[in-house]
Amino acid sequence: MIITLVIICVLLVTVYSRESKGGLFHRLQRFSMDVVSPLQKGMSKVLSPVKDGIGFLVDMGKARGERNRLREEVKELEDKVNNLEEAARENEELKKMIAVKESNPQLDLVVVDVIGANPDIWEQTIQVGAGYDDGLQEYMAILSEDGSLVGRIIVCTANSSLVQLITDGKSSIGAKLQNNAEMGIAKGQGGGGVRLELRNQYAEVNKGDVVVTSGMGGTCPPDIPIGTITEISERSADLSIGILIEPRARLTRLEKVMVVVSPPPKTSPIEAEGGG
Amino acid sequence: MHHRLTFFVILIVALLIQLTVAPEISIGTVIPDVLLVATICWALLEGPGQGALFGFFGGLLEDIFSTAVLGVSAFAKTLIGYFGGELRQRIVSKSVIWPMIIVFFGSILQELAKFAAWAMVGLEDRPPFSFGVIAGLALYNALIALVIYPVIGRFAVREERVTLFQ
């Protein structure tokens, strides 16, 4: 029987292929389509919600793929934007550093990368990616990109150095008021602030006064901005007054800093000498 | 008599579903081949002779109600129906997965047979061959076999019928 059926099929195919468009089988097909088309139209209307539902599900599947692709694209674009922003910020910092260099021709500055920070919350230090091999040595002053004092090197190895920030509790820097040259010592408070101890208890001091390095002690060159006075407390029984300085350098957002390699530090820090 | 009636009722219902419902539940360009699934299911329940007959008439009606080359679907479905029925003798598992697997591969074979037939008659404007579409069709057909097989199984009457797949 199977052979008979196959032969009939082959005959049908042969006859159909050879007959013209107006042949019997072609006409039969057209007639059949005419007969069934109203039924198809009706069913199409009835089943349109089903079709829509399937289309919705298919679209959902496609949307998921599209969503994943777009997420990838957004991530790539975000990475690109981040890189560009990073480059722009770095460029801005370098411009500022060049300006600092030009305005301080007496200083020989070396730009170094900040490579880490001390995880110990009690020590305000950062690590820079340069050391003895790059011409650095202990007690050299570190400046931010805008030329403000960041701190100084306290440990120097061949390829990296540890920098004590001016806010560190053990930091003491020879300082003076910029407007009247009253001398004092800027001492770190360990929590992000710096306190100024003036030698002259009766010196005129006001909020907003700028404090710069005095150059005393020889570890920091003179006239490098430290910060601005933000708070002056009343005189205590020993006649001393508490003066708080807000550091000008953004000590929590340092990426590149400048090391003052020349003039080199002449003495050890202020703790040992009593002036810096 | 009752058996013949069932044969024709299932055939006509499958044809109507193929012509009206199937295009409405298409996924992309893939329209399920209800007649093929019905052919294989009938063949698996009734054997090769009945499978070939069902495939022949189903394919012939499909060809008549379309603009395809008359006889090509009939040819492909006759063969698939016959060989599907032959498998009935060889598979003893009752797992429902078998009809789906047979429908899946039967769908692929049918499309290959159609392309072979079109090539033999020298049909010039035959559709471009896409295995992706064929695989999609095979998957879709296998899926609807899950529904169609039990339905046909209920109506198919045959004294010595043994329900091999449930």
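How many residues of chain B are in contact with chain A, and how many of chain A with chain B? I'll start there, with the reminder that this is a predicted model. On the chain B side there are 24 residues, and they are in contact with 25 residues of chain A. Three helices of chain B, namely α1 (2-21), α3 and α4 (72-90), each supply at least two residues of the side that touches chain A. The biggest giver is α4(B), with 5 residues. Sorted by class, that side of chain B has 16 nonpolar residues, 7 polar and 1 charged.

Now chain B as a whole. Chain B contains 6 helices and 0 strands, and along the sequence the pattern reads α-α-α-α-α-α. Chain B has 166 residues, and 46% of them count as buried. If you take the contacts in chain B with a separation of 6 or more, 73% of them are between residues 24 or more positions apart.

Take α3(B) to begin with, residues 48-64. Helix α3(B) has 17 residues and reaches 24 Å from its first C-alpha to its last, close to the 24 Å expected at 1.5 Å a residue. Is α3(B) largely enclosed or largely open? Of its 17 residues, 14 are buried, so α3(B) is largely enclosed by the rest of the structure.

Then α4(B), which also packs on helix α5 of chain B, residues 97-120. The angle between α4(B) and α5(B) is about 145 degrees, and their axes are 9 Å apart. The crossing of these two helices is right-handed. From α4(B), the residues that meet α5(B) include Val72(B), Phe75(B), Leu79(B), Ile80(B) and Leu87(B). Among those on the α5(B) side are Ile102(B), Leu109(B), Ala113(B) and Trp118(B). Gly84(B) in α4(B) and Gly106(B) in α5(B) also take part. By class, this contact of α4(B) with α5(B) has 11 nonpolar residues, 3 polar and 2 charged.

Last, chain A, where I'll cover one feature. There, 6 strands close into a barrel, in the order β6-β7-β8-β11-β10-β9, and the pairing is antiparallel. From one strand to the next the twist averages 40 degrees. For one pair in detail, strand β7 of chain A, residues 183-188, and strand β8 of chain A, residues 194-198, pair in the antiparallel sense over 5 bridges.

Definitions and conventions. Residues are numbered from 1 along each chain as its sequence is written. Chains are lettered from A and ligands numbered from 1 in the order in which they are written. This is a predicted model: local features need pLDDT of at least 70, side-chain atom pairs count only at pLDDT 80 or more; totals for chains, interfaces and linings use all residues. Two strands pair if DSSP finds at least two bridges between them. Helices (H or I, at least four residues) and strands (E, at least two) are DSSP runs, numbered from the N terminus. Axes are lines fitted to C-alpha atoms, for helices over the stretch in contact, and angles run from 0 to 180 degrees between N-to-C directions. The expected span of a helix is 1.5 Å times one less than its number of residues. A residue is buried if 20 or more other C-beta atoms lie within 10 Å of its own, exposed if 12 or fewer, and partly exposed in between; C-beta atoms are placed from the backbone. Two residues are in contact if their C-beta atoms, placed from the backbone, lie within 7 Å. Ala, Val, Leu, Ile, Met, Phe, Trp, Tyr, Cys and Pro count as nonpolar, Asp, Glu, Lys and Arg as charged, and the others, Gly among them, as polar. A crossing is left-handed if the near helix is turned anticlockwise from the far one by less than a right angle, and right-handed if clockwise.
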